[in-house]
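Keep the structure open beside you as you read.

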Amino acid sequence: MRASEIRELLQLRRPTLDRELRRIERCLNVGDLRRLARRRLPRAVFDYVDGGADEEISLRENRAAFQAWRFVPNSARDVSSVELSTELFGRRIAAPLALCPTGYTRMMHPEGELAVARAASSHHLPYALSTVGTTSVEELATSGHDNLWFQLYVLRDRGQCRALLERAAASGFSVLEVAIDTAVSGRRERDVRNGLTIPPALSLQTLGDIAIHVTYWRSMLGAPALRFASVDDLSGVGADTVTAANMANLFDPSVDFDDLAEIRGWWKGPMLLKGPVSPEDAKRAVAIGFDGIHLSNHGGRQLDRSLPTAEMIHPLRQALGEDAVIVVDSGIRHGADITTAVALGADAAAIGRPYLYGLAAGGERGVDRALSILTEQLRRTMQLLGVVSIDELREGGVGLLRNSEAGGTLGV
Ligand SMILES: Cc1cc2nc3c(=O)[nH]c(=O)nc-3n(C[C@H](O)[C@H](O)[C@H](O)COP(=O)(O)O)c2cc1C
């Protein structure tokens, strides 16, 4: 063996000196990243990410509904090469997976949305910035990601609302999703019990926490103050700046289909309606020019006891036909869930908490790990299922599935 070969071999075996990276690489699934995030974050911050509304029925059922599906594999197929990439809004993406908008993202890690965008970009997956993001539309555009979406909470002041969309379009955001599931904020009892303040404030409780979560507090205290970067200077909240406490004054709880039709006219690119949209309302949205639905119950954080999205994909696809886009989130934690979502009729699955756990666990590298885990699980699931492309998965459709729950919506 030549010396260079020996060196190469030794290098391969040399354990990485970066302890943080090693911890992240030891995470084999989203549950592992969640556990790491739980250790890293103060309890109130972890619960803010992890928790759901009221009795957390939807939070639990979202997961159970995806897990209830069983696969009926194609036998004896050549699966030596599998293509995960697919087209969404005329763009090639590396897998049928998108990253959802989440507010206060810099509370999980000081690099926040920029770290998420960089990881999403390197995986060639779309990422949606929230109206209440802690990085502005202009700042996020500097990430270099060329497939950014923007999520809108409709502002009461329509002039301000339109101006915000113009800023997003000018910054290169290509797809708009209008969230209609947040007329009022869901009641997350964990946050109330923990006395969560946004940003986390130095109280007696948090002072005690500093000793336990030194790294978190050091990074937060050294970072620029958290702010709702795209909207914090807007007027209309009755104060100088927009804060978590007065933010609700900014948003319009009276939005109806006429308003949605007006907003459709302001945005030139593709548009999705985001929420637990019924097949009837989905048809109305498409009739006024929406390109599709981002089917979501906000990860169980808004209307508790809303139907799990896994049960709504197939009826929605049947109502809308083949042309409308369906993106689905709420409870996706494994590549097998993405496989199931596509077989049920979704164009793509989307994730919120999985990448936030990764972000909290290790910044951009943690998000990168979450995306690698999910896409590798998707690849393996498809190989074992005997399908070699996303198109083939779509064609196989519900024929590749059985619902293990008696009375599952499809009854197949
Ligand atoms: C911490 C957190 C903050 C969120 N903030 C927003 C938001 O600002 N806008 C929005 O449309 N959805 C928001 N969502 C919902 C996500 O976009 C997405 O629908 C949900 O997280 C998907 O469920 P999952 O977390 O089970 O993947 C948030 C979710 C979480 C967990």
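Let's count two residues as in contact if their C-beta atoms, placed from the backbone, lie within 7 Å. What you're looking at is a predicted model, where local features need pLDDT of at least 70, side-chain atom pairs count only at pLDDT 80 or more, and totals for chains, interfaces and linings use all residues. Residues are numbered from 1 along each chain as its sequence is written.

Start with the whole chain. Its secondary structure comes to 17 helices and 12 strands, taken as DSSP runs (H or I, at least four residues, for helices; E, at least two, for strands) and numbered from the N terminus. The C-alpha trace spans about 70 × 55 × 40 Å along its principal axes.

Now find helix 15 (residues 335-344) and helix 16 (residues 353-385), which pack at about 60° with axes 7 Å apart. Axes here are lines fitted to C-alpha atoms, for helices over the stretch in contact, and angles run from 0 to 180 degrees between N-to-C directions. The two helices are therefore oblique to each other: under 35 degrees would be roughly parallel, over 145 roughly antiparallel, 65 to 115 roughly perpendicular, and the rest is oblique. On the helix 15 side, Gly335, Ala336, Ile338 and Thr339 make the contact, meeting residues of helix 16 that include Leu374, Arg380 and Leu385.

Finally, turn to the ligand. It is surrounded by 23 residues, the closest being Cys100, Gly103, Ser130, Gly299 and Gly352; a residue qualifies if its C-beta atom, placed from the backbone, lies within 6 Å.
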